[in-house]
Amino acid sequence: MAKRPQLTGRAAILAVVVCAIAMSLAYPVREYISLRRSISENRAEMARVEAERQALLARDRQSNDPNWIKKTAKERLHYCGPGEKCYVVMEPLQGKEQTAVKQQPAVPPWYQTLWESVEAADKGTGRRAVTGKETVGQ
């Protein structure tokens, strides 16, 4: 008995046809998978945008509530209603900032200095201010 060749003509033609079909389907299948991925990404983006839209609508509805407006004004702007006592707790300065504040001399506000000078002028106990190159008594 003669040995049959492993690759016959029919098998070769069948292999070529199978390869041709596989190659002709490769691009459409790749595009299909790519489009499915794109659709899922777009759906996720749409869900995120819808959630953001709902949050903004809830905020809009909340901003029409007068109690929310009062509460927000008290929290952010430190407003007090009539007859209310409001306190703002300040945290102490830490470290170098605190020592720098202690070292600076306390300068009274300008209006206090002005008023003290007017009172001194009324009593006749005022003295001439020292400015620049001038000295007292000149």
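Is A73 buried or exposed?

**Before you start**

What you have open is a predicted model, in which local features need pLDDT of at least 70 and side-chain atom pairs count only at pLDDT 80 or more, while totals for chains, interfaces and linings use all residues. Residues are numbered from 1 along each chain as its sequence is written, and side-chain values use heavy atoms, with hydrogens and water left out.

**The whole chain**

Show the chain as a cartoon. You'll find four helices and zero strands, running α-α-α-α from the N terminus on. Helices here are DSSP runs of H or I with at least four residues, strands are runs of E with at least two, and both are numbered from the N terminus.

The accessible surface of the chain comes to about 13700 Å², with 60% of it belonging to carbon and sulfur atoms; accessible areas come from the Shrake-Rupley method with a 1.4 Å probe, and for residues only the protein chains shown count as cover. Of the 138 residues, 1% count as buried. Buried means under 20% relative accessible area, exposed means over 50%, and partly exposed is in between (1.4 Å probe, protein chains only).

**First stop: a patch on the surface**

Select I13, V17, I21, L25, V29, Y32 and I33. Together they make a nonpolar surface patch of about 680 Å². A patch takes residues with over 30% relative accessible area and no salt bridge, joining like charges within 9 Å and nonpolar side chains (Val, Leu, Ile, Met, Phe, Trp, Tyr) within 5 Å. Click on Y32, which is found in helix α1 (residues 9-63). Y32 is exposed, because its relative accessible area is 55%.

Side chains of opposite charge can pair when their charged atoms come close. The whole structure holds four salt bridges, each being a side-chain nitrogen of Lys or Arg within 4 Å of a carboxyl oxygen of Asp or Glu.

Select R48 and E45. Their side chains meet in a salt bridge at 2.6 Å, N to O. The two are three residues apart in helix α1, so about one helical turn separates them. R48 is partly exposed, at 45% relative accessible area, and E45 is partly exposed too, at 38%.

Next, pick E50 and R53, another salt bridge, at 2.8 Å from N to O. An α-helix has 3.6 residues a turn, so residues three or four places apart point the same way. E50 is partly exposed at 35%, and R53 is partly exposed at 43%.

Go on to K74 and E84, whose side chains form a salt bridge of 2.8 Å, N to O. K74 lies in helix α2 and E84 in the loop between α2 and α3 (96-103), so this pair ties together parts ten residues apart in sequence. Both ends are partly exposed: K74 has 36% relative accessibility and E84 has 38%.

The expected span is 1.5 Å times one less than the number of residues. After α2 comes H78, with a positive phi near 60°.

Back to the opening question. A73 lies in helix α2 and counts as buried, because its relative accessibility is 16%. Leaving out residues up to four places away in sequence, A73 touches H78 and Y79; contact means heavy atoms within 4.5 Å.

Select helix α4 (residues 110-123). Its 14 residues reach 20 Å from the first C-alpha to the last, close to the 20 Å expected at 1.5 Å a residue. Just after α4, G124 takes a positive phi of about 80°.

How many aromatic pairs does the structure hold? One. Show W110 and Y111: their ring centres are 5.8 Å apart and their planes lie at 85°, so the pair is edge-to-face. Rings of Phe, Tyr and Trp (its six-membered ring) pair if their centres lie within 6.5 Å; planes under 30 degrees apart count as stacked, over 60 as edge-to-face and the rest as tilted. W110 and Y111 are both exposed.
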